Amino acid sequence: MDRLLRPFIRDWWGILLLLLAWQAWVVLSGLNAIVMPRPLDVVADIATNLPVYLPALGISLAAAAFGLVGGFMLGLGLGILTWASTIAAGMLTPVTVLFSSVPVVTLIPILARLFGYGPGTVVAITVIISFFPAFVFSSAGLRALPPGSADLFRVLGASRWRVLTSLALPAAMPNLAVALRIGAAHALLAAMVAEYLMGSSGLGAMFAAAKSELNTERALGASLIVAAISLTLYLLSLRVEHWARARYG
Amino acid sequence: MRLARDPRVLGVLGTLVLCLAWEGIGASGLGGFTWPPLSRVLAMLADPDRWDLFGRAAGSTLASAVVGYIFGTLAGVALAMLTHFLPRLAPGADRLAAGMHAIPTVALAPVFLILLPADSTPPTLAGIGVAFLVYVAAAAGLRAASAAHRDLFQVLGAHPSARLLRLDLPAGLPSIATGLRLAVPAALIGAVIGEWFGAPRGLGVLIVNGMQNFQIVLLWSAVLLVALISLTAYLIAGAIERAVHARFR
């Protein structure tokens, strides 16, 4: 027991402390449970209302997943395009600079108005938001070649296609893994914010409805589920990143 | 032809193409009526009658972002110093920071809406985004001093606080400065998303109102203003970063 508990506390004391502080704060401040539910109340609400939570979660996750895949393909595609042409790469540097210097999330209301309040809009928004990290990291990764390797390929008379598939793409794998990790977090955030702002469907809309009905347990339940899923996704993508570094780095 | 390959020339060219495309799509009506031409957006920002509105909103958002930026930086550096002196706490602190970062800000917003008055949600969300980036940069920076220097301090019997002030902190400043640059857009994202969750004023409020009331030009103007503020602050932070790198490396 001790062998299991010690590493667990060593790795997770920060988050445990946060949950304990929440519970203690509610108990000590004597706040009404309706105003500020305890973490255990929220878990109970999730457990007893699974039929409410699960469909909303499914919608949000599907939107985030489709958006992530679409944005990733688009970003990688454009990254390869700029890899093939230095002029295109130079002209697209403003996009790269904008992604790192400007809060891209603020584009969501504009995109919501451009595409209209339809069911496809959330997916379209997540595609565009996840496009940015995929494009920035893939175009940087395709150029991060091991020293001398490009010369070797040139001497051996490799075609452009061959250089791309055998050298540039494998060299870009660690960067693509980073893009996936950042993109996954971005996609879920974008899907939730879009659903919240448009009040359409999914966890974001559920949270908006719970907020206007002052149903704090429901709102916090949505928060807790998203938090748990994002943490899992983050830890998973960290694994992928380690694997990509070990295999291709 | 050499001039045409200069990355700066290509970057300016790319920006021009982006602006022209924005103007052209808007003026031709290709993007529908929710895509205004750039000239109309700029005209609204340049209209002195609007300066009062934009000025108050931008001031409020900027104040939230700055407060969050300062407290987030202090929290990030403090946590990094704590794990620097007590390395046993490092894995848990890493998880806490990564966890807070991986969880979409939307998911945390309800918790703070309940805990705090409405106008302190934007600075809090800004602070959380900043704290993670600064913590990661500071934790890496404090480890950057060379082993030989560290041994010297050890042999001369330096007090741990003297070692921190005279060796680890100066050696870590370049990394911290990089983190501070990357944290600029994070502070603005936090401030704007915090405002979407019900702050009384700010650019985020203008954006959501513009979206919901079909004030399309106002919506685009407010988003452009956020982007311009972020870009300016990012460039200033970049200049500071270069000065720190020149002095401490």
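Domain bounds here come from an automatic or database domain assignment. I am working on a predicted model.

**Domains, chain A.** I looked up the assignment for chain A. It gives domain 1 as 1-30 and domain 2 as 37-248. I then took the centres of the two domains of chain A over C-alpha atoms, and they lie 30 Å apart.

**Helix pair, chain B.** Next I checked how α4 of chain B (residues 48-85) packs with α10 of chain B (residues 203-212). Their axes are 7 Å apart, at an angle of about 125 degrees. I therefore noted α4(B) and α10(B) as oblique to each other. On the α4(B) side I listed B:A57, B:A58 and B:T61 as the contact residues. On the α10(B) side I listed B:L203, B:G204, B:V205 and B:L206. Sorted by class, this contact of α4(B) with α10(B) has 5 nonpolar residues, 2 polar and no charged ones.

**B:V66.** I stayed on helix α4 of chain B, where B:V66 is found. I counted 15 C-beta neighbours inside 10 Å, so B:V66 goes down as partly exposed. I also compared B:V66 with B:A43. The two are 23 residues apart in sequence, and their C-alpha atoms are 28 Å apart in space.

**Core.** Which residues touch the most other members of the largest nonpolar core? I found A:V193 and B:V134, in a core of 129 residues. Helix α9 of chain A (residues 160-198) gives the most to this core, with 20 residues.

Notes. Residues numbered from 1 in each chain as written. Chains lettered and ligands numbered in written order. Predicted model: local features only at pLDDT ≥ 70, side-chain atom pairs only at ≥ 80, totals over all residues. Axes fitted to C-alpha atoms, helices over the stretch in contact; angles between N-to-C directions. Helix = DSSP H or I, 4+ residues; strand = E, 2+ residues; numbered from the N terminus. Parallel < 35°, antiparallel > 145°, perpendicular 65-115°, else oblique. Contact = placed C-beta atoms within 7 Å. Nonpolar A, V, L, I, M, F, W, Y, C, P; charged D, E, K, R; others polar. Core = buried A, V, L, I, M, F, W, Y, C linked by C-beta atoms within 7 Å. Buried ≥ 20, exposed ≤ 12 C-beta atoms within 10 Å, placed from the backbone.
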